[in-house]
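Here is a briefing on one protein chain.

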Amino acid sequence: MSNTYMLLSLGWLSAVVAGIFSAHVLQKLCFPYFWNDFLFLFKVLRYGSRLEWFKLTSRVRTVLDRFIQQARRIPNKPFIIHEGNIHTYRDVEQRSNRLAHVFLHKAKLRKGDCVALLMSNEPDFLCVWFGLAKIGCSVAFLNTNIKSRSLLHCFNCCGAKTLVVGADLLDGLDGVLTTLLEDDIQVWAMKSQSDHTKVHTLLDKMDAASDQPVPAELRAVTSLKTPTLYIFTSGTTGLPKAAVISHLQSLKAAGGFWAYGATQDDVIYTPLPLYHSAASLIGIGGTIELGATCVLKKKFSASQFWNDCRQHNVTVFQYIGEVCRYLCNQPKTDMDKVHKVWMGVGNGLRQDVWREFHNRFGNIKMCEVYGSTEGNVCFMNHMGRIGCVGRSNSIYKLLFKYDLVKYDMVKDEPVKDEHGFCKRVDDGETGLLVSKVSALTPFFGYAGSKQLTEKKLIRNVFGPGDVYFNTGDLMVEEEGFISFKDRVGDTFRWKGENVATTEVAETLGLVDFLQEVNVYGVEVPGHEGRAGMAAMIIRPGFKFDGRKLFEQVVRDLPAYARPLFIRLQEVMEMTSTFKQQKFQLVQSGFNPSTISEPLFIVDYKQESYIPLTDSIYQSILAGERKL
């Protein structure tokens, strides 16, 4: 009897083992990424459930609240390392408290006010940001590259009546300072004294201010949808748009490093500008969420990057595609793989650069993140698949309704069926990424313009009444992996920045010899993104003046937005809806041997636009001419 029972038990055990083994083999063959997806999605849902709990209870714990909590928990831990100086969590907490008191009692700011912040990457950027947030003010991050016209526009967008400016940037306001003061905008500088009598100073007043916290109720919020920041993005309007950043978006971004596996023991290297969401929301927010340390670089330097990483024991770094290419272009050394970096987080990393980066600097886990500042959809490449921006599956699609729809590049619009609805692409086919606007994935739009907000929405996409956010990005999804292909419309990326073609065209249009201008981006071998190029029609009776054009673009446009190439035309092509045709211009590029029309290239040594010859063109292809 006992032998029979033993045989039966062994039979059952063998069957269970065989079943488990078969299930494992089947899973590996049919669902090879199941456990990776499951574990990552579990982390994301766990973090998301906490945000949903905030919604239900109206007890919101913001990124600032998390920082204050960390300052109490780990007060002596280094929070920011900048230019060799260590700033602990307590240091930043107390300095931001002093600033909060100054803003409250000297600047007379009140909860709900919006304040513009124009500062370089430095610890005081964070102290000012947190100090303003502690008294309930929303903060508008201004791009330090913007010129006077765009700067004034930014104030009109977000309604800011106060500007805080870094000491190193105050002199750059000379051309617009008088206008700001005339518009009753109070200007505060991070200085002890100022030559301008109407510019207030902060440093001297901070010395007399208390480092004790201001009342917590000033920063308290009851809704995740409350705006906390305004981050300016380039758009088709020709001027920066103020993307509304709610506490919900800030908290989501702050969970990025944690979701990828980073911990409080990591040291994070941030060489990207803080006025960008990548550095501020993901970088600083993510550091705070972990209770980690951030090495904040004032400006990215390819030659100093790895020395910085070795000096500060960096384990995680932030990047854009250009950063990795610049690092690969540095001279090779025996120290290339001598570092503690195990992960990079960013976007825009090209496949060839990705592989070269791995081969040269070691098997660093590169985690691509896709998501525009104002968008309502996000992808994360937690698998580290080269060339992909994200991973998706049926559960993710169930929670976050996104689709890829067919797009006509010539007409510059989505393809519609006989009923007027968009058509989904097949697996592996390029399409426009759209994301459904819902309670779970809201779109907060842009400050100061309902028209701009409406322009980013597509209605009646798959059925009457539905609303989707138009990302403006062409993507491909294949076997659950999502890849970025290109941008559509009037924006392209160069040097890690979005370039609004309309703004550039408007600036060029101020030159007296130009009748019509069409700005677009062209691919340059060996470079990320697209370089600016402008097709032009010369006014009758005028001649092309390369020096005058050079003076105009250098004076009024940031470096990344200046057209590198010029193409003179007799007639400019239009679409059927009387829009400038860009597609054929983009396709034809800037090759003088295939384009019969006159071509020019910017030359900073001669301070002019000079003829683009075959020899110059070949030097660009060979990587000998710096762009």
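Buried means under 20% relative accessible area, exposed means over 50%, and partly exposed lies in between (1.4 Å probe, protein chains only). By that scale Asp183 is partly exposed, with a relative accessible area of 38%. This is a predicted model: local features need pLDDT of at least 70, side-chain atom pairs count only at pLDDT 80 or more, and totals for chains, interfaces and linings use all residues. Residues are numbered from 1 along each chain as its sequence is written, and side-chain values use heavy atoms, with hydrogens and water left out.

**Asp183**

- Asp183 sits in the loop between α7 (177-182) and β6 (186-189). Helices (H or I, at least four residues) and strands (E, at least two) are DSSP runs, numbered from the N terminus.
- Leu152 is 31 residues from Asp183 along the chain, and their C-alpha atoms are separated by 9.8 Å.

**Salt bridges**

- A salt bridge is a side-chain nitrogen of Lys or Arg within 4 Å of a carboxyl oxygen of Asp or Glu. This rule gives 19 salt bridges.
- Glu289 and Arg61 form one of them, at 3.2 Å from N to O. Glu289 is in helix α11 (residues 277-290) and Arg61 is in the loop between α2 and α3 (63-73), so this pair ties together parts 228 residues apart in sequence. Both Glu289 and Arg61 are buried.
- Asp211 and Arg98 meet in another salt bridge, at 3.9 Å from N to O. This pair links distant parts of the chain, 113 residues apart: Asp211 is in the loop between α8 (203-207) and β8 (227-233), and Arg98 is in helix α4 (residues 89-105). Asp211 counts as partly exposed at 21% relative accessibility. Arg98 is also partly exposed, at 26%.
- Glu477 bridges to Lys397, with the closest N and O atoms 3.1 Å apart. Glu477 lies in strand β22 (residues 467-478) and Lys397 in helix α15 (residues 394-399), so the pair ties together parts that are 80 residues apart in sequence. Glu477 is buried, with a relative accessible area of 11%. Lys397 is partly exposed, at 38%.
- Salt bridges with shared partners join Arg61, Arg66 and Glu289 into one network.

**The sheet**

- Strands of a sheet pair through backbone hydrogen bonds, either parallel or antiparallel.
- Two strands pair here if DSSP finds at least two bridges between them.
- An open sheet of 8 strands runs in the order β2-β1-β11-β10-β12-β13-β14-β15, and its pairing is mixed. Its edge strands, β2 (85-88) and β15 (379-380), each pair on one side only.
- β14 (residues 365-370) pairs with β15 in the antiparallel sense, over 2 bridges. Val369 stands opposite Met380 in β15.

**Surface patches**

- Patch residues have over 30% relative accessible area and no salt bridge; like charges are joined within 9 Å, and nonpolar side chains (Val, Leu, Ile, Met, Phe, Trp, Tyr) within 5 Å. Accessible areas come from the Shrake-Rupley method with a 1.4 Å probe, and for residues only the protein chains shown count as cover.
- Phe34, Trp35, Phe38, Leu39 and Phe42 make up a nonpolar surface patch, with about 540 Å² of accessible area together. Phe42 lies in helix α2 (residues 34-57). Phe42 is partly exposed, at 46% relative accessible area.
- Asp426, Asp427, Glu478 and Glu479 form a negative surface patch. Lys and Arg count as positive, Asp and Glu as negative; His and the chain ends are not counted. The place of a charge is taken as NZ of Lys, CZ of Arg, CG of Asp or CD of Glu.
- Asp427 is in the loop between β19 (413-414) and β20 (431-436). Asp427 is exposed, with a relative accessible area of 56%.
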